[in-house]
Amino acid sequence: MPDKKTVELAYAERVREAIGGIRVNPREKPDFELVMPDSRTWGLEVTEAFLSETHARSVKHRDFLRRTHHGRPLSKDDRKQTEEVEVVVTSPTGGLPMHQARGLVTSNSASADPFQVTESEHALTIARAIEKKTDKAPSYDHYPAYLLGVATHLSFGPMTGAASFPPALREALASSPFAEIYVMEHARESGFSPLRQRMLELDYLNVRSLVQRDLPPRARGRRPEWWWVERVLEGIGHRGVHVDKSLRGASVIVGEASVGTAPRGEYLASAPPSDREQAVLNQLVEQAMETMMWVALRDGRRALAPVSVLNE
């Protein structure tokens with residue numbers, strides 16, 4: 001097995017390639033320093049995400065399965081997470097057995113097939129990894145901003161639907177200090193998603209549609225559309241939302257994520273909301289939350305994927 005720093009460097013290189021034009025220097029707290037083209041330096045922490053400690057041992061330790069072949073007992077936790085089975089390999093014609101051995105299958109997945117996980121299970125695994133690194137962030141050396149790379153030993157899709165962002169993952173992102181969190185598949189180069197950008201794109205489209213459809217006529221005119229969108233996004237959990245306004249328009253920005261909005265216009269956008277505007281905002285936030293929960297339930301179909309591929 002490669003040593004820990006070699007594995008971390010491989011993940012850091014994938015983040016470097018995704019951002020482009022930067023240099024990666026090994027560190028300790030955080031794991032790497034990123035030198036930007038304009039010489040700014042950021043911190044990068046990388047970690048791996050597993051369904052459980054048993055799942056991690058099954059991937060990272062070669063002797064995990066060999067112990068069963070030689071009759072060595074598993075730990076109590078491992079026995080709860082796995083099931084020992086007899087594996088019989090027969091000839092293609094179904095004749096006499098060609099090989100017989102013992103093996104393990106994971107039994108900690110809520111899916112019907114123990115080698116497959118739901119989209120929610122994958123999201124919860126990522127949320128736990130983010131929370132662990134968030135707890136350690138206060139000990140990092142000082143940098144203007146930090147990024148996090150999470151390498152998962154699960155397969156996942158593009159993470160653009162509501163079911164990809166259940167409440168637990170949203171809460172982990174809201175409390176995290178990382179400007180962007182990149183989730184990557186350990187075994188597949190093309191599996192890569194920037195979480196804040198994906199969630200902002202998803203929520204921005206939903207919130208903007210909600211504002212355009214349900215904003216009362218009496219609330220229009222004094223504030224631009226982007227003002228309402230910005231505050232509803234804050235209300236549903238996006239931390240540090242701000243709007244970058246220019247003569248060409250405006251962009252809603254959260255950390256390293258951004259999306260374009262309607263033309264800027266000239267409005268009294270900087271004044272605090274009135275009591276009537278705040279009541280409208282509260283109503284829009286409540287509607288947005290209800291819509292998010294409904295869509296997540298509707299789209300919460302299984303995302304069937306292999307749990308892991310054991311390293312040889």
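## A sheet, a packed helix and a helix pair

The protein averages a pLDDT of 75, and 64% of the residues score at least 70; pLDDT is the predictor's confidence in each residue, from 0 to 100. This is a predicted model, in which local features need pLDDT of at least 70, side-chain atom pairs count only at pLDDT 80 or more, and totals for chains, interfaces and linings use all residues. Residues are numbered from 1 along each chain as its sequence is written, and side-chain values use heavy atoms, with hydrogens and water left out.

Confidence is highest in strand β2, at a mean of 94, and lowest in β5 (residues 97–106), at 50. Helices (H or I, at least four residues) and strands (E, at least two) are DSSP runs, numbered from the N terminus.

| Residues with pLDDT under 50 | Contacts beyond four places in sequence |
|---|---|
| 100–115 | 59 contacts |
| 300–312 | 39 contacts |

Where pLDDT is low, the predicted coordinates should not be read in detail.

An open sheet is built from 6 strands in the order β1-β2-β3-β6-β7-β8, with mixed pairing; two strands pair if DSSP finds at least two bridges between them. At the edges lie β1 (23–26) and β8 (192–194), each pairing on one side only. From one strand to the next, the twist averages 25°.

Strands β1 and β2 (residues 32–35) run antiparallel and are joined by 4 bridges. A hairpin connects β1 to β2 through 5 residues. Opposite F32 in β2 stands P26, and opposite E33 in β2 stands N25.

Helix α1 (residues 4–19) packs on this sheet and touches β1, β2, β3 (41–49), β6 (146–152), β7 (180–185) and β8. The direction of α1 makes about 120° with that of β3. Axes are lines fitted to C-alpha atoms, for helices over the stretch in contact, and angles run from 0 to 180 degrees between N-to-C directions.

Two further helices pack together. The axes of α7 (residues 195–214) and α8 (residues 225–235) come within 9 Å and cross at roughly 125°. That makes α7 oblique to α8, because angles under 35 degrees count as roughly parallel, over 145 as roughly antiparallel, 65 to 115 as roughly perpendicular and the rest as oblique. Among the residues that meet are L200, Y204 and V207 in α7, and W228, V229 and V232 in α8.

Note on methods
Contact means heavy atoms within 4.5 Å.
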